[in-house]
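Hi there,

Here is the structure I promised to pass on to you. Have a look at it first, and then read my notes below.

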Amino acid sequence: MADREALGGTLVLGGGFAGGYVARLLGKRGATIVSPENFMLYTPMLPEAASGTLEPRHVVVPLRMMCPHAELLLGRATEVDTTRQRVQVQTEDGHLVVHYGELVVALGAVSRTLPIPGLGEHALGFKTLADAIHLRNHVLRRLEAAAAAPSEGHRLRELTFVFVGAGYAGVEALAELADLVRDAMRYYPTLRDTPQHWVLVDAAPRILPEIPHGLGNYAARELQRRGVDIRVETTLYSVEPHAAVLSDGDRVLTSTVVWTAGVRANPLNDQLGMPVDERGRIVVGPTLQVEAVPHVWALGDGARVPNAATPADFDPPTCQHALRQARRLAKNLAGEAKPYRYRMLGQAATLGRYKGIAQVPGARLRGFPGWFVTRTYHLYQLPLLTRKLRVVADWTTALFFRRDIAELSMLGHPERLDS
């Protein structure tokens, strides 16, 4: 088992939004990033990657380009020894022991699932780039299945799509994929008279509960105007191979159930011996240092971060807050140890068809202005000028051309060569 020192003395576990930005903001002070992937996924643009508006490669940022002064180690942390200040990392070539001066834990979150019969076997997730690509392929396959279906009932089943979870991810993913199916219908003349059924399910009393009522109500009206069947105060009871059973007793015939009902802290937090709360989040103090563990810091979706600007609450798991936490932590690691304080600038979401909602200081925008502000904000936050230009090129292309409908289910799974 080989030993090595973390570049710059700072070791960052996780190359996601929080960890990637900490390493980037440390600049020439350097860091070593431990991540199973060599890229950071810009999750707010994941729905557009799923619908084909954006090329999937353009919503990820290579960590070596994003953090030119950091070292990247592809692997996963398996053990943390805070006494000796070292971390054991599993790589393709075996185990490494990495010594650190300061350790930053930013392992993020995973999909929050519930013990619902059939959920793991028959539902689709929406958390990673692989999930987005798979969902797009699945939806396009449903169109092919509907076109070849022998009966009207079979066609209706294939063109019924159930999304569970009406937060940002669920609403934006449904809106984008509904646009994809609408654009694709011109190539399926036998399906033009078959109605589509889009169902949005959530246990909360309204969709997008994180945003002000007025904007949430506008989003609901806009989706309902397009025919989306919104079921609030409703939960998923079970999932069958070709049906979803809801708590209101309705059994919806469908071949597509998408689970977007929230996230939970990465269970690796507890396995690595970090102090966690009842929700598995690492407990940190005002400066983002892990409580009672010297030289260890944590941030992002997997940490319970107190906010001095809103002392009654902890930060929600959003990219906006993770970025601000990363900025504060990078300064604290440089010796300027101050409490984390941040007042949220606003909230925004796209609804497809050039419609969106946005809450910004002094204004609440809806329709095209909301859509424009949402896209502008995400473009501004996306790292690297080259990535910004690629995204702008994709958006410009989408204005003049319809989405591509090639289904690439074999992507990344080449056939084996005969011996």
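Two strands count as paired if DSSP finds at least two bridges between them. Helices (H or I, at least four residues) and strands (E, at least two) are DSSP runs, numbered from the N terminus. This is a predicted model, where local features need pLDDT of at least 70, side-chain atom pairs count only at pLDDT 80 or more, and totals for chains, interfaces and linings use all residues. Residues are numbered from 1 along each chain as its sequence is written, and side-chain values use heavy atoms, leaving out hydrogens and water.

Five strands form an open sheet in the order 12-19-13-14-15, with parallel pairing. Strand 12 (124-125) and strand 15 (229-231) are its edges, each pairing on one side only. Strand 13 (residues 160-164) and strand 19 (residues 256-259) run parallel and are joined by 4 bridges. Phe163 has Val258 in strand 19 as its bridge partner.

Now for helix 8. After helix 8 comes Gly227, with a positive phi near 95 degrees.

Finally, take a look at Asn38, in the loop between strand 3 (31-35) and strand 4 (39-41). Beyond its neighbours within four places in sequence, Asn38 is in contact (heavy atoms within 4.5 Å) with residues including Val61 and Leu72. The C-alpha atoms of Asn38 and Val61 are separated by 8.6 Å.

Happy exploring!
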